[in-house]
Amino acid sequence: MAFEAAAYSALHTRRLELLKGSETLLVVPVEIQPPSSEKKAVLTVFPTTNCNLRCSYCYASSGSLKKELSLQQYQLILHDIVDPSRFSRMQLHLHGGGEPTLNPRLFQDIVHECATRCQTMFVAPSFTLTTNGTFGPLVRQIIADYRIRCSISWDGPDEIQHRQRPFASGENSHPVVLNNLRDLVSLQLLERVRVTVTSNNIDRLPEIIRFLHREGVTSVHIEPVSILGRQEEKSEEGITVDRYAHHFQQAYILCCQLGIALKGAGMLVFKRPSGRYCGAFGWNFVVTPWGEISACTRVQQQSDRHSESFLFGPWIAGADPMTFAAAQRKYLQQRRAENLTACAGCFLRHHCAGGCPMSIPGSYDKNLERTDDLPCDLIRACCRLVLAAVRQGHLPPGWVTLKGNS
Ligand code: SF4
Ligand code: SF4
C-alpha cells in the first residue's frame with residue numbers, strides 16, 4: 001500500500017482515469033469538495049504579546065513582553081484588506097502567542113471593527129480564535145454573539161494542566177479552562193482542543209482523548225513540546241522520536257475508533273498535496289502586535305529567527321494587499337516541494353514540502369532549506385506508523401479506501 005500523490009491529486013481534480021491500471025490502495029476523503037468559486041481572505045491578528053499564563057514550554061515566552069496592537073493601526077489595515085472586488089468572504093483569525101483575549105475591550109473592538117467593515121462592504125465575515133481558555137464572562141459573551149469558532153489549549157487532567165500551564169500567579173488554570181471548554185462545546189463553537197505532549201502527559205494520551213470525547217470534543221490536535229531532536233538528551237522533558245511516534249499511532253487508532261478528527265505530525269499523509277508546507281509560503285497575512293505584516297505566525301519582530309524572510313514590515317496605508325512586499329512574497333512562494341533538493345527522495349515531499357522552518361532551531365538554513373534530518377525523523381516516523389494503522393483498517397472520520405484496477 002502506498003499513498004500516491006499523483007493519483008491523489010488526480011482525485012482532487014477528478015481525473016480518475018489516472019487510477020486505471022494502478023494496484024495501489026488509495027486513501028481518499030469520502031467527499032471531495034469542488035473548489036469554491038467564492039474567494040476568501042484570511043486575516044490573522046495577534047492582539048498582544050502579553051499572557052496571563054506561564055506555560056513551561058511557551059515558544060513565545062509570552063508575558064515577559066507586553067506589547068499591544070494599536071486599534072488605529074489595525075483599522076488602517078482592515079480598511080485596505082476588506083475589498084469586495086477581490087474577496088466575497090473574510091475570515092478574521094485571532095491568534096495566540098500572547099493571549100488574544102487578555103484585554104477584553106481590545107478583543108471586542110478588533111472583532112466589532114471587522115464585522116462592521118465587512119457589513120459596510122458587503123463581505124461575509126467569519127471569526128476564529130486560538131486561546132488558552134482562561135477568558136471571563138465578557139469574552140464568553142463576545143464569542144457567543146459573533147459565533148467565534150475556538151481552538152483551546154488544554155494539556156490534560158488537573159495536575160498536568162497545573163504543572164504545564166499555570167497562571168502567572170502560580171494558581172491552577174484547570175478549573176476555568178475546563179469550564180470554558182464545556183461552555184464552548186454547549187455553544188457548538190469548540191473547533192478543536194490542542195494538547196502539547198511532554199514526558200508528563202505522553203503516557204496519558206489515551207485517558208486525555210477519552211476524557212475529551214466524553215466532554216463532546218470532536219477534534220484534537222497533538223504536538224510534541226518543541227524540544228524534540230538534538231535537545232532531547234539535555235532536557236528533562238525530552239521524548240525520543242520513536243516513543244513519540246508510537247504514542248501518536250496509538251492516539252490515531254483511538255481517535256479513529258471514537259470518531260474524533262486528529263491533527264498532528266502523522267496526519268500529514270491526509271493533507272492535500274499542495275506542494276507547500278503552510279500558508280506562510282502562500283498568502284498568509286499576519287498582523288503583529290507592532291502593526292507589522294508577517295507571513296509566519298511565529299515571526300513578529302526583527303529579532304525573531306528568519307525574520308528577513310517572513311517579516312514584511314509596517315503596513316503602508318492605501319497599499320494593495322496583493323502586491324505588498326511582492327519580492328519577499330514571491331521568494332516564499334517558490335519554496336515548493338519540487339524546488340527543495342533536500343526533499344527530493346522523500347515519500348512525503350508533496351504533503352510536507354520541506355516542513356516548518358520554525359520547528360527545530362538550527363535545522364534550517366537562511367534559505368529555509370533543511371540542513372539535517374531532525375525535523376523529518378519525527379514526521380516520517382509518525383506518518384509511517386499512521387500508514388501502518390491505515391493498512392490495518394483504521395481510518396479517520398470522513399475517509400475511505402479505494403483499490404485501483406489492476
Ligand atoms: S512556517 Fe511554521 S510557524 Fe510559520 S506559519 Fe508555517 S507552520 Fe506556522
Ligand atoms: S519529511 Fe523531511 S525530507 Fe520529507 S518533505 Fe518533509 S522536510 Fe522534506
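Which residue in S8 is the bridge partner of Ser219? In S8, Ala261 takes that place. The legends below concern a predicted model, in which local features need pLDDT of at least 70, side-chain atom pairs count only at pLDDT 80 or more, and totals for chains, interfaces and linings use all residues. Residues are numbered from 1 along each chain as its sequence is written, while chains are lettered from A and ligands numbered from 1 in the order in which they are written.

**Figure 1. Overview of the predicted protein and its confidence.** The secondary structure comprises 12 helices and 12 strands, with helices (H or I, at least four residues) and strands (E, at least two) taken as DSSP runs numbered from the N terminus. The mean pLDDT is 88, and 87% of the residues reach 70 or more; pLDDT is the predictor's confidence in each residue, from 0 to 100. Values stay under 50 over residues 1-22, for which the model has 33 contacts beyond four places in sequence. They also stay under 50 over residues 228-235, with 14 such contacts. Two residues are in contact if their C-beta atoms, placed from the backbone, lie within 7 Å. Among contacts between residues at least 6 apart in sequence, 69% join residues at least 24 apart.

Figure 2. Ten strands follow the order S8-S7-S6-S5-S4-S3-S2-S9-S10-S11, and their pairing is mixed. Strands are said to pair if DSSP finds at least two bridges between them. Strand S8 (261-263) and strand S11 (311-314) stand at the edges with a single partner strand each, so one side of each has no neighbour in the sheet. S8 pairs with S7 in the parallel sense over three bridges.

**Figure 3. Strand S6 and its two parallel neighbours.** Strand S5 (residues 149-153) and S6 are parallel and share four bridges, while five bridges join S6 to strand S7 (residues 219-224), also in parallel. Val193 in S6 is the bridge partner of Ile152, and the partner of Val193 in S7 is Val220. Seven of the eight residues of S6 (residues 190-197) are buried, so this strand is largely enclosed by the rest of the structure. A residue is buried if 20 or more other C-beta atoms lie within 10 Å of its own, exposed if 12 or fewer, and partly exposed in between, with C-beta atoms placed from the backbone.

**Figure 4. The largest nonpolar core.** This core has 90 residues, and those with the most contacts inside it are Val45, Val220, Val287, Ile379 and Cys382. Helix H12 (residues 374-391) contributes the largest share, nine residues. A nonpolar core is a set of buried Ala, Val, Leu, Ile, Met, Phe, Trp, Tyr and Cys residues joined through C-beta atoms within 7 Å. Beyond its neighbours within four places in sequence, Cys382 is in contact with Ala245, Phe248, Ala265 and Gly266. A second, separate core of five residues includes Cys51, Leu53, Cys58 and Leu102.

**Figure 5. The shell around ligand 2.** Of its 13 residues, Cys343, Cys346, Cys352, Gly355 and Cys376 come nearest. H12 gives the most, with four residues. The shell holds eight nonpolar, two polar and three charged residues.

Conventions. A residue is near a molecule or strand if its C-beta atom, placed from the backbone, lies within 6 Å of it. Ala, Val, Leu, Ile, Met, Phe, Trp, Tyr, Cys and Pro count as nonpolar, Asp, Glu, Lys and Arg as charged, and the others, Gly among them, as polar.
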